[in-house]
Amino acid sequence: MFDLIRDAFVRLKRELAGRGSLSEKEIKEFLRTLRLTLLEADVNYKAAKAFIERLDSKLAATEIYKSLAPGRQALKVVYEELALFLGAKAERLEFEKSPSVILLLGLQGIGKTTMAAKLARLYSGKKPLLVAADIKRPAAVEQLEALAKKSGADFFAPHQSAKSSRGDPDGRKVNLDTCLAALKHAKEHSNELVIIDSAGRLHIDDEMVGEIKEIKQALSPEYTLLVLDGLVGQDALRQTEEFHAKVGVSGAILTKLDADSRGGAAISFRHVTGLPIYFIGTGERVTDIEIFHPDRIASRILGEGDIQTMVEEVRQVVDENQSRQMAEKLMAGRLDFNDLLNQLKQVSKMGDISKLLERLPAGMTQGLGAEGEGGFDPSELKRTEAIILSMTPEERANPEILDGSRKLRIARGSGTTPRDVNQLIKQLEMMQGMAKMAKPGKALLSPLAPLGGRGRTVIGHGSGHGGKKKKRKKR
Ligand SMILES: Nc1nc2c(ncn2[C@@H]2O[C@H](COP(=O)(O)OP(=O)(O)OP(=O)(O)O)[C@@H](O)[C@H]2O)c(=O)[nH]1
Ligand SMILES: [Mg+2]
């Protein structure tokens with residue numbers, strides 16, 4: 001996400017940061033490069049132009065030439081302006097009705113159904129009801145049902161007999177009836193939030209517009225959210241303008257930003273459409289959703305990382321007690337394979353670790369496997385897990401009893417080689433050694449600490465000797 005533009009910014013930063021002076025000509029040159037970078041990242045032409053103009057006048061007004069550290073000063077202005085450009089503050093959904101209704105709409109395959117489940121999980125306190133108002137695509141109802149289970153939300157499906165109704169090939173009437181019945185159900189079952197997953201179409205056609213309008217009229221949703229695929233770039237802006245003109249939307253959700261290295265649509269959206277982005281989707285799992293925080297996104301784009309979001313995500317899944325216990329054992333050099341297994345489980349709960357590492361400032365993650373060569377390899381984690389799972393409880397707790405024949409058995413059981421098993425044992429010993437050398441300190445209490453700096457070495461089977469030492473930078 002935003003890789004392209006972030007890399008360019010990091011280069012610019014390197015050039016600017018240490019500057020003791022900055023001439024007017026150099027500032028012009030800097031702005032020119034920045035404009036080209038934005039265009040390369042597929043930022044809308046008008047948006048890029050407007051942003052650069054604002055920046056230009058802001059830099060002039062700050063009298064940057066007189067400043068003691070003009071490079072830094074310029075970067076600060078860029079950051080502030082970018083955050084403003086992205087929308088000043090995070091827009092939150094505020095619900096006043098009970099039940100409140102969110103209607104999701106958008107073209108085919110952009111991630112509506114997935115997003116419905118993500119939202120249900122995010123607002124689980126409101127006992128959300130997920131409504132499958134899509135009988136057009138086969139299996140769409142079942143898809144939402146499965147996702148509802150994953151997000152722990154209630155689920156409402158069209159009546160069985162409705163699916164085969166004649167004279168309604170697009171299911172428009174069935175979908176509307178489903179929504180109405182769902183609202184009634186929600187009132188009776190104290191679901192405070194109703195999330196409607198509508199049917200996608202290949203194009204914005206009359207059929208679709210008609211269906212959405214009918215649902216809107218009948219349910220008066222508090223939020224009508226347009227789901228957009230970040231991958232389509234500027235086409236997302238065009239779609240928004242058309243949808244907004246035809247049915248009226250409250251704002252947008254951008255999905256698949258994990259797969260989009262440019263992020264141009266996200267950057268231009270507010271300026272071009274005047275509408276807010278509420279959420280972004282960053283993966284296929286129900287947990288892969290973020291509130292669109294303009295300031296955090298700006299700092300991510302500038303390569304400053306987004307430590308705040310990372311800390312929140314880690315806090316959500318990591319069992320603090322377990323981490324503390326593990327840290328204590330680590331300090332005492334008493335780590336065994338059970339601890340390693342626990343750690344693996346926590347890491348996999350965190351999801352894609354390279355995504356987490358992406359939030360660290362550029363440069364801090366070098367050597368951690370987050371950059372280049374595809375980052376952490378989940379299959380390596382799986383392999384490690386398989387080896388540990390093939391050990392008996394006794395072996396896991398007392399690694400020293402692992403002799404040649406035990407190692408052979410474990411290798412066979414896990415589909416690996418004795419060499420792999422040996423390597424893992426070495427890694428455990430290394431962790432124990434590391435702990436003995438380390439001075440007692442807070443850093444080790446961090447749940448990521450045993451991975452930090454040596455991510456690939458400890459958990460995976462990489463042969464790296466650890467990366468640069470990870471330092472948490474205060475921001
Ligand atoms: N990488 C990535 N994939 C996503 C994301 N959101 C959804 N997907 C995937 O995109 C595909 C389509 O997602 P759906 O949620 O079914 O899309 P939809 O808009 O409901 O599709 P229709 O109902 O057919 O219109 C699925 O394979 C999802 O797993 C995301 O944020 N990132
Ligand atoms: Mg769908």
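Which residue just after helix 11 takes a positive phi? Gly 303 does, with a phi of about 75°. The model described here is predicted.

## Overall make-up

The protein has 475 residues, and 52% of them are buried. Its secondary structure comes to 20 helices and 8 strands. Among contacts with a separation of 6 or more, 75% are between residues 24 or more positions apart.

The 8 strands form an open sheet with mixed pairing, in the order 3-2-4-1-5-6-7-8. Strand 3 (154-156) and strand 8 (289-291) are the edge strands, and each of them pairs on one side only. On average, neighbouring strands of this sheet are turned by 25° against each other, with direction ignored.

Strand 2 runs parallel to strand 3, and 3 bridges join the two. In this pairing Leu 129 stands opposite Asp 154 of strand 3. Strand 2 is mostly covered, with 5 of its 5 residues buried. From this strand Leu 129, Val 131 and Ala 133 point one way, whereas Leu 130 and Ala 132 point the other way; all are buried.

Strand 6 and strand 7 (residues 277-281) also run parallel, joined by 3 bridges. Ile 253 has Phe 279 in strand 7 as its bridge partner. Strand 7 is mostly covered, and 5 of its 5 residues are buried.

## Helices across the sheet

Helix 5 (residues 112-122) lies across strand 1 (100-105), strand 2 (129-133), strand 4 (193-198), strand 5 (223-229), strand 6, strand 7 and strand 8. The angle between helix 5 and strand 4 is about 170°.

Helix 10 lies across strand 5, strand 6 and strand 7. Relative to strand 6, helix 10 runs at about 175°.

Asp 260 sits in the loop between strand 6 (251-255) and helix 10 (264-273). Is this residue buried or exposed? Asp 260 counts as buried because its relative accessible area is 4%, under the 20% cut-off.

A polar atom of the Asp 260 side chain lies 3.0 Å from the backbone nitrogen of Gly 263. Leaving out residues up to four places away in sequence, Asp 260 touches Met 1, Phe 2, Gly 230 and Leu 231.

The axes of helix 2 (residues 24-40) and helix 3 come within 10 Å and cross at roughly 155°. Helix 2 and helix 3 are therefore roughly antiparallel to each other, as angles over 145 degrees are counted that way. The crossing of helix 2 past helix 3 is right-handed. On the helix 2 side, the residues that meet helix 3 are Ile 27, Lys 28, Phe 30, Leu 31, Leu 34, Arg 35, Leu 38 and Leu 39. Their counterparts in helix 3 are Tyr 45, Ala 48, Phe 51, Ile 52, Leu 55, Asp 56 and Leu 59.

Helix 3 (residues 45-61) packs with helix 4 (residues 70-86) at an angle of about 135°, and their axes are 10 Å apart. That angle makes helix 3 oblique to helix 4. Helix 3 passes helix 4 in a right-handed crossing. Helix 3 contributes Ala 47, Phe 51, Arg 54, Leu 55, Lys 58 and Leu 59 to this contact. From helix 4 come Ala 74, Val 77, Val 78, Glu 81, Leu 82, Leu 84 and Phe 85.

## Helix 11

Helix 11 (residues 294-301) is mostly covered, with 7 of its 8 residues buried. The buried residues are Pro 294, Arg 296, Ile 297, Ala 298, Ser 299, Arg 300 and Ile 301. Gly 303, with its positive phi, comes just after this helix.

Notes: Residues are numbered from 1 along each chain as its sequence is written. Chains are lettered from A and ligands numbered from 1 in the order in which they are written. This is a predicted model: local features need pLDDT of at least 70, side-chain atom pairs count only at pLDDT 80 or more; totals for chains, interfaces and linings use all residues. Side-chain values use heavy atoms; hydrogens and water are left out. Helices (H or I, at least four residues) and strands (E, at least two) are DSSP runs, numbered from the N terminus. Buried means under 20% relative accessible area, exposed over 50%, partly exposed in between (1.4 Å probe, protein chains only). A polar contact is a pair of N or O atoms within 3.5 Å; within protein, one must be able to donate a hydrogen and the other to accept it, and residues adjacent in sequence count only if both atoms are side-chain atoms. Contact means heavy atoms within 4.5 Å. Two strands pair if DSSP finds at least two bridges between them. Axes are lines fitted to C-alpha atoms, for helices over the stretch in contact, and angles run from 0 to 180 degrees between N-to-C directions. Angles under 35 degrees count as roughly parallel, over 145 as roughly antiparallel, 65 to 115 as roughly perpendicular and the rest as oblique. A crossing is left-handed if the near helix is turned anticlockwise from the far one by less than a right angle, and right-handed if clockwise.
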